Amino acid sequence: MVEGQAVFITGAGSGLGKALAMRFAQEGARVSILDINKERVTEAAEEINNSVGDDRVLPLTADVRNPDSLHQAVDAHLEQFGSIDTVIPNAGIWDYNRSITRMGGEEIAALFDEIMSINVKGYLLTVEATWRELLKSRGSVVMTLSNAAYYAAGGGVSYTASKFAARGMVIQLAYELAPKVRVNGVAVGGMRTNLSGPVAGGLQERKFSDVMDKRPEGGNPYIPLHDVSTQPETFTGPYVMLASKSDGANITGHIVNIDGGIAARGFANSAGGDSL
Ligand SMILES: NC(=O)c1ccc[n+]([C@@H]2O[C@H](COP(=O)([O-])OP(=O)(O)OC[C@H]3O[C@@H](n4cnc5c(N)ncnc54)[C@H](O)[C@@H]3O)[C@@H](O)[C@H]2O)c1
C-alpha cells in the first residue's frame, strides 16, 4: 500500500513516531524520522534499519517550533529520498492533566504557550515546510491527534485545547490543499511511551509510561479496549491506510478516532469539580 513512498515523520525518535517509522519501513517505504533529541533519533534509525535489513530510515534533528530548522530537515530528506509522499506531524508533549484548579495565571500562561507551540504550531509548520512537495507527489498528511481531540479527561485544559486545535487544522488544511493533497488524522488513545511534559511545568523528565505503571492492571475505567499494556504499534494500521494513494484515495478531512470505545461507554466518574 505504501511501498516505495518517501515518508516524513516528526517526533519519531520515540514512542508512536518510532513505531510508525518501523511500520512504514516494514511496508517498504523510505522514512525520515525527525526529533529534537539527536541521540534518540540516531539510535531509532539504527534499530529500524537493522531490523528491516536496509538503510531505509534517515535520522534528522530539528525543533518543530522553528521553521528554519524544519526547512533544513526537509532539504536533507529531499537530498536523500528526492520526494515526499506522506507527512506525519506527530511530535508532541502532554500537560500531565494539569487542571485549571491547580495553577495560577502565570503558570497556566507559560504551560499553555509551550504546549501550543509544539502540539499546534509545530504541526502547522511541519505542513508549511512540506506541502509544496506533497503537491508535486499528490501526497497526503496524516496528523497524530488524541482522544483528547474529542473528549475531556485525556489531559488538562491546555493539552485538550491543543488537540482540538489540531483537529481544526485537519479540516481547514484538507480544504485549503484539496484536490491535490489529502489531509487526515488519527486520534490515538493512551499507550506506553516516553510522552513528556513542558519545561514550563517542570514536567520535561516525566514519562507517560510511568503514569501507566501507577494505574491498576486489567483495564482503564473508562476505555473498554485499551489498558496499561497498550503499545504504540497497535495504532499504526490506520496511518498506513490513510497514507496509501489507493486505499486512502478519496479520504480527506477525516479523522480515524481509535478511542477504544470511550464513545460507546462514556465517563465512569466526574473529575471532582463539585468538591472545590
Ligand atoms: N502516549 C499516549 O498515551 C498518547 C495518547 C494520545 C496521543 N498521543 C500523541 O502521540 C504523539 C507522540 O507522542 P508519544 O506518546 O509517542 O511520546 P514520545 O515522547 O514517546 O514521543 C514524542 C517525541 O517527540 C519529540 N519532541 C518533543 N518536542 C519536540 C520538538 N519541539 N521538536 C521535535 N521533536 C520533539 C520527543 O523528543 C519525543 O521523542 C503526540 O502528539 C501525543 O500527543 C500520545
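Visitor: Why is Tyr151 called buried?
Guide: In this predicted model, Tyr151 has a relative accessible area of 17%. Buried means under 20%. The value falls under that cut-off, so Tyr151 counts as buried.

Visitor: Where does Tyr151 lie?
Guide: Tyr151 lies in the loop between S5 and H5. Its C-alpha atom and that of Gly253 are separated by 19 Å. Along the chain, Tyr151 and Gly253 are 102 residues apart.

Visitor: Ala153 is found in that loop too, between S5 (140-146) and H5. Why is Ala153 called partly exposed?
Guide: Ala153 has a relative accessible area of 44%. Buried is under 20% and exposed is over 50%. The value of 44% sits in between, so Ala153 is partly exposed.

Visitor: What is said of the phi of Ala153?
Guide: The phi of Ala153 is positive, about 80°, although Ala153 is not a glycine.

Visitor: Which other residue has a positive phi although it is not a glycine?
Guide: Asn97 does, with a phi of about 60°. Asn97 has its place in the loop between S4 and helix H4 (105-137).

Visitor: How do you know whether Asn97 is buried, partly exposed or exposed?
Guide: Take its relative accessibility, 32%. Under 20% would be buried, and over 50% would be exposed. Asn97 falls in between, so it counts as partly exposed.

Visitor: What is Tyr96 in contact with, leaving aside its neighbours within four places in sequence?
Guide: Its contacts include Leu195, Ser196, Gly197 and Leu203. Arg206, Lys207, Phe208 and Val211 are also in contact with Tyr96. Each of these has heavy atoms within 4.5 Å of Tyr96, and therefore counts as a contact.

Visitor: How far is Tyr96 from Leu60?
Guide: Their C-alpha atoms are separated by 27 Å. Tyr96 and Leu60 are 36 residues apart along the chain.

Visitor: What makes the peptide bond from Ala178 to Pro179 stand out?
Guide: That bond is cis, with omega near 5°. Pro179 is found in the loop between helix H5 (157-177) and strand S6 (182-188).

Visitor: Now the whole chain. How do you know that its radius of gyration agrees with a compact globule?
Guide: With 276 residues, a compact globule would have a radius of gyration near 19 Å. The chain has 18 Å, so the value agrees. Along its principal axes, the C-alpha trace spans about 60 × 40 × 40 Å.

Visitor: What share of the chain is buried?
Guide: Buried residues make up 51% of the 276 residues. The accessible surface comes to about 12,400 Å². Carbon and sulfur atoms account for 50% of that surface.

Visitor: What makes up the secondary structure?
Guide: The chain has eight helices and seven strands. Take contacts between residues at least 6 apart in sequence: 74% of them join residues at least 24 apart.

Visitor: How many charged side chains are there?
Guide: There are 24 positive and 31 negative side chains. The centres of the two sets lie 4 Å apart.

Visitor: Where is confidence lowest, and where is it highest?
Guide: Confidence is lowest in helix H6 (residues 208-213), at a mean of 82. Strand S4 (residues 86-88) has the highest, at 99. For the chain, the mean pLDDT is 93, and 95% of residues reach 70 or more.

Technical notes:
Residues are numbered from 1 along each chain as its sequence is written. Side-chain values use heavy atoms; hydrogens and water are left out. Helices (H or I, at least four residues) and strands (E, at least two) are DSSP runs, numbered from the N terminus. The radius of gyration is taken over C-alpha atoms; the globule rule is 2.2 Å times the number of residues to the power 0.38. Buried means under 20% relative accessible area, exposed over 50%, partly exposed in between (1.4 Å probe, protein chains only). Accessible areas come from the Shrake-Rupley method with a 1.4 Å probe; for residues, only the protein chains shown count as cover. Lys and Arg count as positive and Asp and Glu as negative; His and the chain ends are not counted. The place of a charge is taken as NZ of Lys, CZ of Arg, CG of Asp or CD of Glu. pLDDT is the predictor's confidence in each residue, from 0 to 100.
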